Amino acid sequence: MIITAPLVIMMCIVFVLIFLFVKTIDRRKWLTFLVSLAITPFAYFYAVYPMVNIFSNYHHQKYFSSELWIEKPALRYELSDDMITSEILIGQPKSDIESLLGTYEWLSWDEAQKDHDSNRWNYSLGIEPGAFNTEKECVEIVFEHDKVSAISTYKEEIKFDAKD
């Protein structure tokens, strides 16, 4: 774990709260300080830190890698931010995109043509990390003249199919 300012601030808050609690049990300052110092890391890493991870939607960022995208679809969520912000795919032809990302998972629906649009490829990124997420994130790659012109993300409601 990397020591950051929020980590230090949260550890200090946990220490103060534990110190105040232990102070109500025992009045000896040196013992209160030692007990608080010993308990703080456990209270933080086994209570506070898991709760922050459950209720926040933070996810690790990874640099885009074609191998990871294809071999480990569960990591796509982490790879997508770098892929979009770096604009690495903009201007690439369809054949290069297919070799980098694999065959599209589905095509967008074009209401005007009442058919799938072969110039709008979609890939699933998975469910955003967090406790109460009910939507999956997807990425849409738009082609103009067989080259990538835009990449955007959107959210889609998770649907469960009932099996008979």
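## About the model

The structure is a predicted model, where local features need pLDDT of at least 70, side-chain atom pairs count only at pLDDT 80 or more, and totals for chains, interfaces and linings use all residues. Residues are numbered from 1 along each chain as its sequence is written, and side-chain values use heavy atoms, with hydrogens and water left out.

Let's start with helix H4, which covers residues 76-85. Helices here are DSSP runs of H or I with at least four residues, strands are runs of E with at least two, and both are numbered from the N terminus. H4 has these buried residues: Arg76, Tyr77, Glu78, Leu79, Ser80 and Met83. Buried means under 20% relative accessible area, exposed means over 50%, and partly exposed is in between (1.4 Å probe, protein chains only).

What do those buried residues pack against? Their partners are helices H3 (66-71) and H5 (94-101), plus strands E2 (115-127) and E3 (135-144), with contact meaning heavy atoms within 4.5 Å.

## A hairpin

Strands E1 (residues 106-110) and E2 pair up antiparallel, over 5 bridges. To count as paired, two strands need at least two bridges found by DSSP. Trp106 has Asn122 in E2 as its bridge partner. The two strands make a hairpin with 4 residues between them, and Lys114 in the turn has a positive phi of about 55 degrees.

Most residues other than glycine have a negative phi. Glu87, in the loop between H4 and H5, has a phi near 55 degrees and is exposed at 52% relative accessible area.

His145 sits in the loop between E3 and strand E4 (147-157). Its phi is also positive, near 55 degrees, and His145 counts as exposed at 78% relative accessibility.
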